[in-house]
Amino acid sequence: MGEFIIQGTVLTPVSATRVGMGRDVVHVAADGRIAARHAHDTPAAADLLAHAARSGIPVRTLGPGQLLMPGFADLHVHAPQWPQMGRALDLPLRDWLEQRTFPLEARFADPDFAGPVYEEMVTTLLANGTTTAVFFATIHEDSSLLLARICLRHGLRAHVGLVAMDDPELCPEGYRNTSVEQALAATRRFIHAVRALPGNESGLVRPMVTPRFIPACTDGLLHGLGVMAAEEDCLIQTHCSESDWEHDYVRQRTGVNDTVALDRFGLLRRGTVLAHSCFMTEDDMALVQARGAAIAHCPLSNAYFAGGVLPLRTAWQAGVHVGLGTDISGGYSPSVAVNAAMAVTAARMLDTGNDPARPQAQRGRPGSRISFAEGLWLATRGGAQALGIAAGQLEVGMAFDAIEIDRTAPGSNILPPIHGEDGAAEDVAQQILCNMGRPNIRTVWVAGRQVHGTDAAPD
């Protein structure tokens with residue numbers, strides 16, 4: 001990767017509540033980080049462009065209707081569920097797992113089956129503007145390591161977890177770890193193997209300790225994984241308080257909510273990503289914040305499997321980091337933008353309520369709605385922040401994980417600016433999150449490397 005410069009309209013979250021937009025000159029250093037960013041009409045921008053001309057640094061100029069924005073972070077993806085995306089969403093969660101999901105995931109024991117699935121999934125995520133993804137794989141070491149290799153080869157910033165699940169009460173005989181010892185040994189081998197992948201010296205692809213969720217794991221396995229995460233200084237991912245069934249199951253088994261149980265097992269710590277978390281109490285959220293963990297908000301899949309809406313505003317007020325997850329295949333779209341728009345919609349429905357038989361004053365949870373600026377933050381910086389990654393904003397020092405959006409592309413659903421004027425930055429962010437699709441995503445970069453797009457490399 002060499003250094004280059006892009007000049008054109010830049011749209012980026014400034015904070016969780018504010019979007020910035022302007023014509024800028026952005027200098028990307030050879031290490032893939034943003035070295036400088038200046039407004040296009042300043043002396044500093046002129047000096048930078050003059051330096052580029054003298055030094056032969058490539059410069060790309062975005063045209064009308066094109067803009068640069070941060071790449072998306074997807075905090076919750078079930079990689080082996082890619083083939084069933086958009087299917088079986090009518091089933092209750094436990095039936096969905098037992099009838100469809102576990103049988104499909106069991107097939108990933110065969111790397112020859114897994115390879116083409118993972119190849120298609122990774123390239124499709126990149127084409128949808130995802131630059132960071134957090135994956136549940138399966139219990140199979142070979143195919144899970146293959147997923148890590150594919151992510152590394154294509155340049156996707158990824159966190160990959162070898163799933164651990166050993167409880168025979170929920171897990172089928174043909175798809176579970178045979179013992180606590182076997183699961184722990186496999187997890188440790190996987191952690192070391194991912195870290196040692198050739199070409200992964202920068203840690204672009206990282207392992208995660210991944211207990212599927214409390215109902216699928218024995219106490220011995222959960223405790224052992226908590227110890228291992230501390231020993232290996234490894235991030236953790238799991239499901240937490242997702243649905244009435246899962247939340248109630250954990251309470252009946254442990255006598256406490258998921259967050260307290262996970263904390264007792266040593267699994268609630270800085271770098272833990274908790275998918276869903278719809279039924280957390282305010283005490284749960286305070287504990288999550290105190291431990292430095294984060295929530296992967298999956299608004300689309302929650303509509304089908306959770307039976308509740310995450311009180312996102314309450315989590316933010318508790319100081320909890322929150323990002324977005326597509327939850328493929330519980331969610332039917334690989335687009336983080338779709339899920340960002342759904343997060344705004346879900347929060348609005350929680351705010352106003354949705355039962356017309358109730359009086360308006362009793363129908364909702366006022367104060368719950370979020371703005372599209374906050375939706376953009378969730379989709380970009382919020383997810384990166386949850387993982388401790390310096391990305392998600394087009395600011396100096398951040399990794400250049402970015403998307404070039406072409407609002408004039410054939411097949412675009414994004415309408416052109418009225419009279420050639422864009423208007424407020426949040427209006428543009430809203431229009432993009434609500435209407436963007438793959439035709440609009442012209443180029444994608446991760447850490448300064450072009451990972452999607454053939455006709456838009458710096459020239």
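Predicted model: local features only at pLDDT ≥ 70, side-chain atom pairs only at ≥ 80, totals over all residues.
1. By class, the lining of the second largest cavity comprises 4 nonpolar, 5 polar and 1 charged residues.

2. The structure holds 2 cavities of 30 Å³ or more. The volume of the largest cavity is about 110 Å³. It is lined by 13 residues, of which Leu-93, Trp-96, Leu-97, His-239 and Glu-242 are the closest to its centre.

3. Helix α2 (residues 93–106) supplies 3 residues to the lining of the largest cavity, the largest share from any element. Sorted by class, the lining residues of the largest cavity are 5 nonpolar, 5 polar and 3 charged.

4. A separate point concerns His-247, which is located in helix α7 (residues 244–254). Is His-247 buried or exposed? Its relative accessible area is 10%, so His-247 counts as buried, the cut-off being under 20%.

5. The side chain of His-247 forms a polar contact with the side chain of Ser-241, at 3.2 Å. Leaving aside residues up to four places away in sequence, His-247 touches Ser-241, Asn-257, Asp-258 and Phe-279.

Conventions
Residues numbered from 1 in each chain as written. Heavy atoms only, no water. 1 Å grid on protein atoms, 1.4 Å probe; cavity = no way out; pocket = protein on both sides within 12 Å on 5 of 7 lines; lining within 4 Å. Points joined across faces, edges and corners; volume = space filled by probe spheres on them. Helix = DSSP H or I, 4+ residues; strand = E, 2+ residues; numbered from the N terminus. Nonpolar A, V, L, I, M, F, W, Y, C, P; charged D, E, K, R; others polar. Buried < 20%, exposed > 50% of the residue type's maximum accessible area, 1.4 Å probe, protein only. Polar contact = N/O pair within 3.5 Å; in protein donor to acceptor, adjacent residues only side chain to side chain. Contact = heavy atoms within 4.5 Å.
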